[in-house]
Every structure is written in structure tokens, then in C-alpha cells.
Amino acid sequence: MSQTTCIECGIPISIPDQGYLYIDDLVDVPCLFSSFKIDEKSNQHLIIRFHSREELKTIIQTLVQHIENNSTINASVHRSKAALDLFLMPLSHLYERISNERIVSFIQNGSMVSHIQPIIDLNNDKLYGYESLLRSNDPSEIIYPSEIFKVAEITGLKSMLDQRAREEAIKARINKVEPGIKSFINFLPSTIYNPDFCLRHTFSIVEKYNISPSDLVFEVVETEKIGDIDHLKKILNTYKNSGMKVALDDVGSGYSTLDMLSELKPDYVKIDREYISFCDQDRKKQSFLDQVISITNTLGIKVLGEGIERKEEMEYCKSIGMDLAQGYYIGKPSLEPYTKVLAPDS
């Protein structure tokens, strides 16, 4: 799947210093354009000339503020007035791309890398796998992951970012992670519109680098936003049919995921750190964890506790039959695999 040909993956446009703003709807806002040069008004587009990026930003900001339902208005920018390749996007996305140009440039073209955080098997305290976490590969470019994903959301670039992150996570195994050790790779189900088409790129990367599909676990994030269970099932089944495993993240975090386990049938569930923190001392958290263990044992699902930062938390999780554990007590994210997994006793 090509990033430049699939509109749902986010069109990697560049903003010219001067040119023309195309709007795909005839917007009737009297007196708004008194200071803007309208070069053309046809049955298809309103075309406004701009002479700098700041002027373009001002024009779009004015439109966003004064047009009701601006999310339905699409726009594009070009150097030439005779543009033939109009890659239209919501007006609000275009404004955010101009406002967050540094991070947008990173999402589209920046050097990315995956750090890996160890996951251990609580049955034997041995390394089981790693979770891959997206980072900038440029030491001079400090961009926090939360910033990156926030900007991707408001600029319509979530699919592009998600696709690039999946690729980096797969590449992170090369010459670093031994066969048989799992890689847990996050993905956003809202970015996958047609599983058979949208996941072709991911599967081609797996084949290109000769990675065993059985070593990959694709982990659903933003689970609190899941609205279409049938669509999510199609995505998970597409991964499974390719020989990969699937996981649900943040189980227990503000929504009733437990009710979906029998329907979605993931291979793993990851317990939100809210239920892990001081679980050795909190009866309510213990009750919830007991419920999860009971359900997952019945369904044959492995349970992973996230955010373990204390020895007591890990020991409690082990005592109730939890399968896997991850957290700073075990190891922090790093570019290199861990030679020693468990933290020394303090």
C-alpha cells in the first residue's frame, strides 16, 4: 500500500510559501473576504491567493472560526492556480498541519525508531518478549510520543503515523531479538478501514525482513473508543489468519472490555496499570484482578500486568496466576535488548 496513493493514510503534502487555497464548497460568508484576494469562484471551488504561510494560516483560521460545520468543508493548497492534483482534506486538518508543521514534518518524513521494553514470563521469570515504543531517532529532535499522536489525531495523519510505527517496531527485531521472543506492537484500529487492504504494507514488511509471524503480537490501543465490534473482529482475524497473535490493551480502563473477551477472543489481555499499582494492598483491585484471571483462564487467554514498579506488585501478580509482567521494576524501554531483565533487590 502506497502512502501517497491511499488518501486514508494521510496525504504527505508540503505547504508552499505562496500559492492558492482551494475550497471545495462555495462558502457564503459576506465581508469575510474583504482583505483576501478571491481569484476564482466556480461551481466547484473557491480559490484564494496567499503570499505567505502566515497569511494562509490567517485565512484558514478566519474560515474555521466563522463557518459553521467547518469539518465538512474540504480544502487544499498548491503553488499553481492551474493545479490538477487536488488532494482535499478537512479545512481544520489543513489549519492544524500549518500550525504544527515541525511535528507534521516528523510524522511524514522524520527519522523514527522503536525502543523495546522487556516482558517476562511470571512462571519462570524468563524473558518472554518486548513491547515496541515509538521514539525519534534524532537526538537533536526532542518530541514526546504524546505530542506526536495528538498532532496526528488533529491533522488527519493517524493512519500514516500508525503505519510507520508498525514498520519501525517490526524492524526493531532485526539482529536484536531472537526468534521465539515475542514483539508486542501497538496499533490503532480506527486507522484500519479495510483490513485486507490497509494491512498489506505491514505484512509485506514482515515478509521483507523474514520475521516469523508467530513472533508478532499486535496490540489494540485506544480500546475505550471501540464502537464497531464487528469491524474490530475483522481486523483481529486478519492478523490471526496471517499467523500473528493479537492483544487487547488497558483492560479495565474505563470501559467494559471484560464483556468483549469471549467475542473478540484475543490471545492476550494487558491489565491497565491503574489496577496494578499497589495491587498487593488494595482489595478492590484484587477483586478485579481475580475476575480477569477467572475469565481468561476459561477462555485460554494469557494475562499481562502493565506498569509494575514494585517487587510486591510483581509477587502479588505471580501469586494469583498472572502469566506475564511488564514495567519499570522489570526494565525500562531501551534501544538495545536487556542482558539482565529483573531489577536488583533494593
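Two strands count as paired if DSSP finds at least two bridges between them. Strands themselves are DSSP runs of E with at least two residues, and helices are runs of H or I with at least four residues, both numbered from the N terminus. With that settled, here is the fold: eight strands close into a barrel in the order β6-β7-β8-β9-β10-β11-β12-β13, with mixed pairing. From one strand to the next, the twist averages 30 degrees; axes here are lines fitted to C-alpha atoms (for helices over the stretch in contact), and angles between N-to-C directions run from 0 to 180 degrees.

A word on the source: this is a predicted model, in which local features need pLDDT of at least 70 and side-chain atom pairs count only at pLDDT 80 or more, while totals for chains, interfaces and linings use all residues. Residues are numbered from 1 along each chain as its sequence is written, and side-chain values use heavy atoms, leaving out hydrogens and water.

Let us look at where β6 meets β13. Strand β6 (residues 112-121) and strand β13 (residues 324-326) run antiparallel and are joined by three bridges. Ile120 stands opposite Ala325 in β13. Helix α10 (residues 283-299) packs on the sheet, touching β10 (245-251), β11 (268-271) and β12 (302-305), where contact means heavy atoms within 4.5 Å. The direction of α10 makes about 175 degrees with that of β11.

Now to the charges. Side chains of opposite charge can pair when their charged atoms come close. The structure holds 16 salt bridges, each a side-chain nitrogen of Lys or Arg within 4 Å of a carboxyl oxygen of Asp or Glu.

Lys270 is buried at 0% relative accessible area, and Glu306 is buried at 11%; buried means under 20%, exposed over 50%, and partly exposed in between (1.4 Å probe, protein chains only).

Glu309 lies in the loop between β12 and α11, and Arg273 in the loop between β11 and α10. Glu309 is partly exposed at 42%, as is Arg273 at 45%. Asp280, in the loop between β11 and α10, is 30 residues from Arg310, in the loop between β12 and α11. Finally, salt bridges that share partners join Glu131, Glu219, Lys270 and Glu306 into one network.
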